[in-house]
Amino acid sequence: MSHDHGHQEGAHHPDAPSEIEARTLALESLLVEKGILTSEDVDRVISTYEHDIGPMIGAHLVARAWLDPGYRERLLRDAPAAVRELGYEYRADTRLVVIANQPDVHNMVVCTLCSCYPWMVLGLPPTWYKSAPYRSRAVSEPRAVLAELGLQLPDDIAITVWDSSAELRYMVLPERPDGTDGWTEKQLTAIVSRDCMIGVARPEVPALAGKH
Amino acid sequence: MNGVHDMGGMHGFGPVIAERSEPVFHARWEGVVRGMVDGTAGRYFNFDEFRRVMERMPAEDYLRASYYEKWLYAIETILKEKGVVTAGELATGRPSRPPPPPARKQSPPQQTPRFNTGDRVVTRNLNPKGHTRLPRYARGKRGVIRSLRGSFMLPDANAHGRGPEWQPCYAVEFDASELWGAEARPEDRVCIDLWESYLDPEASA
Amino acid sequence: MAVDRTIASLDGTEALPRKNGELVFQAPWEGRAFGLAVVLNDKGAYPWNDFRTRLVERIADGSPDYYENWLHALESLLVDRGIITGDDIHRRTAEYQALERDPVF
């Protein structure tokens, strides 16, 4: 999603907006002039939904851990503090614990007894996570469940499943994939999906490298 | 209780089906239910009580209900049982009393854990009719203490208005073969967070 | 979180486009249209259900483009409530299209 108005070096005029862009601009500017709202009000709402709710917090933690070994160590040792370290509020009564994937161990999270989920960093859980098939089979047939969700794990990787039965909430720190050398934190965040942090997917480098 | 909610290891529910690009709430009332629970938890009931009530849903209904239908059942039941919502209030749609303040967050007392990291333990074969967080698939099983988690209120007591009963909690690691038999992969593990009263030291030879 | 519950009320065909749980905006104007509708409701310009009803109607008759329907629903609601006039919108839109105003959000 880029703010691409077709700027080129030395050009003075942006491309004319499309009709719908112009209508949106018109509406916002009229409402601001009437004192009904400010552009900052609108910015704040958009930002909340893009940055504060949903898996973006988790993805940020992961990207920072990939880039900074000291942060990774702090994240694994005291996740709530590590969340606050990046400037987020840690709003939960339960305690987050981050579990790191290893080359030979893949971690998965479930709550067999109900549907406990690390919402404070991943937002609200998907329906499948709360479903009877996942709750019943993640602990007993993890490999089959991963395959159904699109992840074929190599045979030489062991699986540890974490059943969130108490007041701890688990999030997986996936391994950083090859082909991401020199990437910025923002670029890395973009490849960390919610499913990677539940442990049912692994981050992937998009086919067209460098297209960000 | 040994209810259908205790699903770990069950068969017959079919494949996991993920809805891509699913909305956060599938129906507008779901958001309302979530809002009601968020707004009342901690004032009228604790989450252990809430889970306990959900577990008491008749088995058929529990299996058929969606996630938020279960929540709606639980919030209706618990507020009725606690006398939070009266007939008069339901009739008028207006509250007749102000809500109680939220329960004060309690701090755990200092406790000395019975077990240490690396200790071999065996889970007790507990089958309470009331609430517990020791899943059926992990009863009478041998495991190893992987981490000490600190002290938490025992849900078995907290869900029934007893306590608070604080106990050390542990991340206990089980071999998949211990839980599921010889056909499980020997290198796979399941980790469960368990309260101290769920555990005994593994008897030494 | 009031905003969260507002968003939560949009379900089924009128659900906000998401990918992997996160809101998706294909272009900046979509994010602005989203934000405008939410802020206006927050500030009491209209009950959320009024907006929602129009959104649902537009989706039923309108284009397959979600946010186009969203914007249309918002405009018509504001006009009917006398907050903005149709003339104002047309005039201002034309100014932006003619680059008489700088089209930056």
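Where does A:A92 lie in chain A? A:A92 is found in the loop that connects α5 (79-85) with β1 (95-100) of chain A, where helices (H or I, at least four residues) and strands (E, at least two) are DSSP runs numbered from the N terminus. The residue counts as partly exposed because 15 other C-beta atoms lie within 10 Å; a residue is called buried if 20 or more other C-beta atoms lie within 10 Å of its own, exposed if 12 or fewer, and partly exposed in between, with C-beta atoms placed from the backbone. Between A:A92 and A:P80 there are 12 residues of separation in sequence and 9.3 Å in space, taken from C-alpha to C-alpha.

The structure is a predicted model, in which local features need pLDDT of at least 70 and side-chain atom pairs count only at pLDDT 80 or more, while totals for chains, interfaces and linings use all residues. Residues are numbered from 1 along each chain as its sequence is written, and chains are lettered from A and ligands numbered from 1 in the order in which they are written.

An open sheet is formed by 7 strands in the order β2(A)-β3(A)-β4(B)-β3(B)-β2(B)-β1(B)-β5(B), with mixed pairing; two strands are taken to pair if DSSP finds at least two bridges between them. At the edges stand β2 (105-110) of chain A and β5 (199-201) of chain B, each of which pairs on one side only. Strands of a sheet pair through backbone hydrogen bonds, either parallel or antiparallel.

Strand β1 (residues 120-123) of chain B is joined to β5(B) by 3 bridges, and the two run antiparallel. Within this pair, B:V121 stands opposite B:P201, and the bridge partner of B:T123 is B:L199. Strand β1(B) is also joined by 3 bridges to β2 (residues 142-153) of chain B, again in antiparallel fashion, and here B:V122 has B:R142 as its bridge partner.

Leaving aside residues up to four places away in sequence, B:V172 touches several residues, including B:V121, B:I145, B:C191 and B:L194, where two residues are in contact if their C-beta atoms, placed from the backbone, lie within 7 Å.

Chain B is divided into domain 1 (1-104) and domain 2 (120-201), and the contact between them takes 11 residues from domain 1 and 12 residues from domain 2.

In chain C, the secondary structure comes to 5 helices and 2 strands, which run α-β-β-α-α-α-α from the N terminus on. Of the 105 residues in chain C, 37% are buried.

Conventions:
Domain bounds come from an automatic or database domain assignment.
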